[in-house]
Structure formats: structure tokens, C-alpha cells
Amino acid sequence: MTRTALITGITGQDGSYLAEFLLAKNYEVHGLIRRASTFNTGRLDHIYADPHTPRNRLHLHYGDLSDASALARLIAKIAPDEVYNLAAQSHVRVSFDCPEFTADIDATGTVRLLEAIRETGVRPRFYQASSSEMFGKVQEVPQKETTPFYPRSPYAAAKVYSYWITVNYRESYDLFACNGILFNHESPRRGETFVTRKITRAVAHIKAGLQDKLYLGNLDAKRDWGYAPEYVDAMWRMLQQDQPGDYVVATNETHSVREFLEVAFSHAGLDWQKYVELDPRYQRPAEVDLLIGDYSKARAQLGWEPTTRFAELARLMVDADIDLLRSHREGKARVTA
Ligand code: NAP
Ligand code: G4F
């Protein structure tokens, strides 16, 4: 029987990869999208354009995590088997500028969705996009499922609320609800203002003679960076288990922003030190210095393992941005892989 999934945040990096992943598994996929003044479905358009993809099984619905009644109507109409809550104001630096909005979407938005599920009586399995940012000022190295949280931003504080409300609905209402505590994951579809994509996009522009300088903040921060298409597989695996649970998804490697610069620029034959300048605008009032995840539980229980490692990830993103720029300059519209 065809299974039905609802993805909030389907227009984002992870949402678009998850939609493809589920369509390939024969799901009927529904996505919540926001009305915007410009097109915001760029990461999904290739699904509709490709005659070989099952585009008649992808359905987009207007709504917003701030709109509880719209969420309840949608859940009642679709009656999904699985709900993936990926929608968020996902930028940590921006959350310091917009803390109240971030709380409304990233914290209250989750309980609105859970209430829509509870009130309609539909019993989908539920995935919450929790984040390694919750570990913040880390209390243990590497971080695992039992490591205490110490959030360092309005974004991380909101995600801690969503983590616990997901656990609470599991324990209170016997909902099959899981938290994926995902460490940073990147791809050619990564938003352009996150540091990896900002760097790889700059490499392409500098190489083409279109940009002279790249302005960045803290180069010493260390992250556990993985490849986004592999991480959506872990989300799905969590909802296929006999029992719900919470899982760290990571690579168990950590690298600094400076190391990312070295790999990305040298892949294009450039010396990053000639182009990068520091700009305090990109510093955060409180920083997360070091993240590295222990994914042993995901490996043991989900059979999940990361494949794409740090240097390969940086290089594939540089290649994709060089390709994308070339296609734009040749006037060809193209979707990143
Ligand atoms: P992303 O590319 O920024 O996508 C965020 C999605 O949320 C977009 O589809 C966005 O819509 C949507 N959205 C934002 N505000 C909304 C609202 N008020 N109502 C409905 N939709 C809204 O993020 P991502 O990298 O794919 O991450 C997916 C989720 O995982 C997020 O919850 C993020 O916080 C979390 N996470 C990400 C990482 C990572 O490294 N990528 C790690 C851990 C956790 P528009 O396209 O209209 O803006
Ligand atoms: O790429 P970032 O903005 O990602 P950050 O803050 O780690 O958050 C991402 O990963 C989280 C998982 O841990 C997600 F939950 C979250 O939604 C998001 O996807 O910054 C990475 C590091 C930071 O330490 C930042 O201070 O890079 C440093 N950085 C240095 N210069 C910069 C810049 N970050 C950005 N965005 N822009 C800069 O110019």
C-alpha cells in the first residue's frame, strides 16, 4: 500500500532531498510551503520538470508553522502515515536578531504541529529536526544522546524546547515520535549564507574573476560536517523502527572553518589567505566552539553510516558551485544535484 508523508520545510535543503528519497520509495509526498513574493520552490522544480520522476505523487500546500488551524486542516485532509517537521528559521546568527520569531517557529511551531496531530486523532509517526546546536557549550566530547544540552543561541534554546516537547508527546500520548539530533550537514543545495556554501560559492566567483574578497567571522569554530542526502536516509530509518527513539546523526570527525577554507580554495587552485578578510558582523554574541558527534546508536540500531567525508564534501560543493555559475553565465537554468 502506498504510504503518505507530510514534510514541513520541503523547500529547504533537507526537505528537497527527503522528498526525492520518499518519492523513490513510492510514497505519496505532501509538503507545506510558505507564500513568498518570489518563487521559493527552486530546490523542487527539477522533480516536476523530469519526465522520469513521479511528480504526480508530490503535492504542495500553502501553510505556515505559525498558523495552527491551517496545520490541523492539512493533517485532517492528508491523514499522513509519517510527518517530518523540518521547517525552521534555521540560521543561528539570524536567531540573535530575531529571537522571538525564531521561538515562535522553531519552538511553538512544533507544539502547534503536535497539537494538530493530537486533536485530529490521526496517528502518524513523527520526526523532529533536532540539532547538535543544542549541545552548545559542550559538556562532553564527543556528544551523544545522553550528553546534557547547553544551548548558546535563541535558535538552540528553541530547538531544546522542541526536543523535549517531542519526548513529552511520546510519553504522554504514546505518539511514535523521534528526535534526530543531526550535526551540520551540507550539500550543493545548502543555503548560501551558511559558512560552507558561502565559501564554495565564493570560490566559484573568485575563480571566475567575479569576486575579490570573502568576508567571514570566526575561523576557529569546529564542526562535524556531513553530506545532507545521507542524513535524510537516517531520518526515514528512525520512523521505520519498532520503537520510537532519539538518535545522534554525525560523522564523528571535526574540522575548523579554516580547514574548510583550505580544502575548498586549494581544490580550485587558489590560496584562501589572499582573499579572506574578517568581519565582526559575522561573529555571534555567543559561539559554539566545538561539535563532534558519536553516532554509535544510529549505526547499531538504524544500520546507518556516513559515507561522504569532510574533504570530499568540500570538493563536491566547490565543483557544484563552479558548474552552477557556468550554467548561469551560459543562461541555462539548472538545479543543483
Ligand atoms: P533550510 O534549508 O533553512 O530550510 C528550512 C525550511 O523551513 C524551508 O523550507 C523554509 O521555507 C521553511 N520554513 C521556515 N520558516 C517557516 C515557517 N514559519 N513555516 C513553514 N515553513 C517554514 O534548513 P535545512 O538545512 O534544510 O534544515 C532542516 C531542518 O533541520 C531545520 O529545522 C534545521 O533547523 C534543522 N537542522 C539542520 C541542520 C543542518 O546542518 N542543515 C542540522 C541540524 C538540524 P522557505 O524556503 O520558504 O524559507
Ligand atoms: O554554517 P553555520 O552558519 O552553521 P551553524 O551555526 O553551525 O548552524 C547550522 O548547523 C546546525 C547544526 O549544528 C543547525 F542546527 C543549524 O540550523 C545550521 O544548519 O556556521 C558554522 C560556523 C559557526 O561557528 C560560525 O560562527 O561557522 C562560523 N562562521 C564563520 N564565518 C560563519 C561565518 N558562519 C556563517 N554563517 N557565516 C560566516 O560568515
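P142 is found in the loop between β5 and α6. Helices (H or I, at least four residues) and strands (E, at least two) are DSSP runs, numbered from the N terminus. A cis peptide bond joins V141 to this proline, P142, with omega about -5°. A79 is found in the loop between α3 and β4.

The model is predicted: local features need pLDDT of at least 70, side-chain atom pairs count only at pLDDT 80 or more, and totals for chains, interfaces and linings use all residues. Residues are numbered from 1 along each chain as its sequence is written, chains are lettered from A and ligands numbered from 1 in the order in which they are written, and side-chain values use heavy atoms, with hydrogens and water left out.

Seven strands form an open sheet in the order β3-β2-β1-β4-β5-β6-β11, with parallel pairing. Two strands pair if DSSP finds at least two bridges between them. The edges are β3 (58–62) and β11 (246–249), each of which pairs on one side only. Neighbouring strands of this sheet are turned by 20° against each other on average, direction ignored. Axes are lines fitted to C-alpha atoms, for helices over the stretch in contact, and angles run from 0 to 180 degrees between N-to-C directions.

Within the sheet, β1 (residues 4–8) and β2 (residues 28–33) pair in the parallel sense over five bridges. A5 stands opposite V29 in β2. Helix α3 (residues 68–78) packs on the sheet and touches β1, β2, β3 and β4 (82–85). Contact here means heavy atoms within 4.5 Å. The direction of α3 makes about 160° with that of β1. Helix α5 (residues 99–120) also packs on the sheet, touching β1, β4 and β5 (125–131). Its direction makes about 175° with that of β5.

Ligand 1 has 24 residues around it, and T11, R34, D64, S90 and Y155 come nearest. A residue is near a molecule or strand if one of its heavy atoms lies within 4 Å of it. Polar contacts are pairs of N or O atoms within 3.5 Å; within protein, one must be able to donate a hydrogen and the other to accept it, and residues adjacent in sequence count only if both atoms are side-chain atoms. A backbone N or O atom of G12 lies 3.0 Å from an oxygen atom of ligand 1. For a polar side-chain atom of R34, the distance to an oxygen atom of ligand 1 is 2.7 Å. For a polar side-chain atom of K159, it is 2.8 Å. Taken alone, ligand 1 exposes 900 Å², of which the protein buries 90%. Accessible areas come from the Shrake-Rupley method with a 1.4 Å probe; for residues, only the protein chains shown count as cover. The elements that give two or more residues to this shell are α1 (13–24), β5 and α6 (154–173). β5 gives the most, with three residues. The shell divides into nine nonpolar, ten polar and five charged residues. Ala, Val, Leu, Ile, Met, Phe, Trp, Tyr, Cys and Pro count as nonpolar, Asp, Glu, Lys and Arg as charged, and the others, Gly among them, as polar.

A nitrogen atom of ligand 2 is 2.8 Å from a polar backbone atom of G217. Taken alone, ligand 2 exposes 710 Å², and the protein buries 96% of that.
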